[in-house]
Amino acid sequence: VFDEKVLLNLLEGDRESAAEIAGQYLDDVPGQVTRLLEAIECGDSTLLRERAHLLKGASASVGAEAMRYCAADLEKRAVVGSLSSQEKRGLLAELEHQFNLLMALVEEKGGLM
Amino acid sequence: VRALVADDDTASRLLLQKVLTKWGYDVVMASGGEEAWKILTGDNAPGLAVLDWMMPELDGVEVCRRVRALDMSSPPYLILLTSRGDKQDIATGLEAGAADYVQKPFDHDELRARLLVGRRFAELNRKLLDTQRELRRQALTDPLTHIMNRRAILMRLGEEMARAPRQGLPLSIGVLDIDHFKSVNDEYGHAGGDFVLQSVVDRALKALRPYDALGRIGGEEFLIVMPGVGPRDAEIVLERLRKIVRVTPMAVQGQEVTVTVSIGGAVSEGESMDDLLHRADDALYRAKGSGRDLVVMAPRDAEGADPVVETSTKATSPGGD
């Protein structure tokens, strides 16, 4: 779900900075996910692609691996074109699931780092 | 080294800021392409930029394209950010003007090394520009007196001759020659002669205004370009110059030597540069012929070719024997 080595390697073991960046990511992620869910629902593939890309980039930077793959998958689907309602339901569920997993981890550890 | 980080994602931006700061970069941030473009084209623009490929409004590739289209003399080193596995064609980014790309998630060693390449590039480019500037300066400067050389002062005269009628302002010139320079050289050697040349220049610069130009056009011959100066003031300025040289003796190899100069002045009447210089040369020739240590102004059109207007302070004895 979250690979803390990504941030720690890059920051040369500076745990404080890593925690600050992970905190920033956690501040941003609920909004990014919400906007992404909206994009899936309204079926605008351009919007979906942009928002998925943003979440993918953010997740990649901090090492939120599962979220990154989920967002990358959404971006790919958006490029292909419109989604059936069944596909939509599947994607919504997956995204919410990943978000919940991340939040559960945060609760358990009291933060990402 | 100043480095720009442009990314619409706050966490990625913060991460790059922290990492680059650790590596000694002076980081500037932008949250979008438009802001990045403004920073790259503004004052004190960074020499290195890390741009996210996908940003709303103006993406990284478009920023690269625009920067490239500017054809700057020292363009910033642009690194595009992509995510690993993105289908984007790297060639598109490089063709648009990016120098390199890196992928998210960042690899510590790779990011550091790629930034170093950019830094090296920026430094090489700066050295190249410095060298270019220095060579240009040398090509236009007289090495002995450090004023403009012949090429530079004639270029300046050309510029001023083009500017003067546009602005409706007068323009005057003076051709100055050191009197009996050959005997200075004979007596004190070339080192002494060089010293006299430098000393004359020092004094001349004191007599001139900041916007006048002085250049060495030959061995002991100088050209003075005086923008905005018309018939009323040209001889006043040139007289001041002649006097300041005369009244300030030079210590040439421990001996006080008084040097004098002759000056031929001319006020531009819209003729060609050659004609203007020719009139000033003629006036100088008359100054030499009339006993030296003199300013002679070339006759103006309205006055005809004669008589020569002498502005010497010397009394001319009538008749004689």
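Tutor: A salt bridge is taken as a side-chain nitrogen of Lys or Arg within 4 Å of a carboxyl oxygen of Asp or Glu. This is a predicted model, in which local features need pLDDT of at least 70 and side-chain atom pairs count only at pLDDT 80 or more, while totals for chains, interfaces and linings use all residues. Residues are numbered from 1 along each chain as its sequence is written, chains are lettered from A and ligands numbered from 1 in the order in which they are written, and side-chain values use heavy atoms, with hydrogens and water left out.

Student: At what N to O distance do the side chains of Glu20(A) and Lys18(B) meet?

Tutor: The pair crosses between chains, with Lys18(B) in helix H1 of chain B and Glu20(A) in helix H2 of chain A; helices (H or I, at least four residues) and strands (E, at least two) are DSSP runs, numbered from the N terminus. Lys18(B) is partly exposed because its relative accessible area is 22%, where buried means under 20%, exposed over 50% and partly exposed in between (1.4 Å probe, protein chains only). Glu20(A), at 41%, is also partly exposed. The two side chains form a salt bridge with an N to O distance of 2.7 Å.

Student: How many salt bridges does the rule find across the interface of chain B and chain A?

Tutor: Side chains of opposite charge can pair when their charged atoms come close. Over all chains, the structure holds 31 salt bridges. Across the interface of chain B and chain A, the rule finds three.

Student: Which three residues supply 26% of the area that chain B buries against chain A?

Tutor: In this interface, 23 residues of chain B are in contact (heavy atoms within 4.5 Å) with 25 residues of chain A. The two chains bury about 2100 Å² between them, 63% of it on carbon and sulfur atoms; buried area is the accessible area (1.4 Å probe) that two parts lose on being put together, summed over both. The three residues that supply 26% of the area on chain B, more than any other three, are Leu15(B), Lys22(B) and Met54(B).

Student: Which element gives the most residues to the side of chain B that touches chain A?

Tutor: Six residue pairs are in polar contact across this interface, both residues being at pLDDT 80 or more. A polar contact is a pair of N or O atoms within 3.5 Å; within protein, one must be able to donate a hydrogen and the other to accept it, and residues adjacent in sequence count only if both atoms are side-chain atoms. The elements of chain B that give two or more residues to this side are helix H1 (10-22) and helix H5 (108-140). With eight residues, the element that gives the most is H1(B).

Student: Is the aromatic pair of Tyr77(B) and Phe121(B) stacked, edge-to-face or tilted?

Tutor: Rings of Phe, Tyr and Trp (its six-membered ring) pair if their centres lie within 6.5 Å; planes under 30 degrees apart count as stacked, over 60 as edge-to-face and the rest as tilted. One such pair is found over all chains. The ring centres of Tyr77(B) and Phe121(B) are 5.4 Å apart and their planes stand at 50 degrees, so the pair is tilted.

Student: How many residues apart in sequence are the parts that this pair ties together?

Tutor: Tyr77(B) counts as buried because its relative accessibility is 7%, whereas Phe121(B), at 38%, counts as partly exposed. Tyr77(B) lies in strand S4 (residues 77-83) and Phe121(B) in helix H5 of chain B, so the pair ties together parts whose separation in sequence is 44 residues.

Student: Are Lys104(B) and Asp52(B) buried or exposed?

Tutor: Lys104(B) forms a salt bridge with Asp52(B), the closest N and O atoms being 3.7 Å apart. The pair links strand S5 (residues 100-104) to strand S3 (residues 48-52) of chain B, over 52 residues. Since the relative accessibility is 3% for Lys104(B) and 4% for Asp52(B), both count as buried.

Student: Which residues are linked with Arg242(B) in a network of salt bridges?

Tutor: Asp293(B) forms a salt bridge with Arg242(B), the closest N and O atoms being 2.8 Å apart. Asp293(B) lies in the loop between H9 and strand S12 (295-297) and Arg242(B) in helix H8 (residues 231-247) of chain B, so the pair ties together parts 51 residues apart in sequence. Asp293(B) is buried at 6% relative accessible area, as is Arg242(B) at 3%. The residues linked with Arg242(B) in the network are Glu239(B), Lys243(B), Arg246(B) and Asp293(B).
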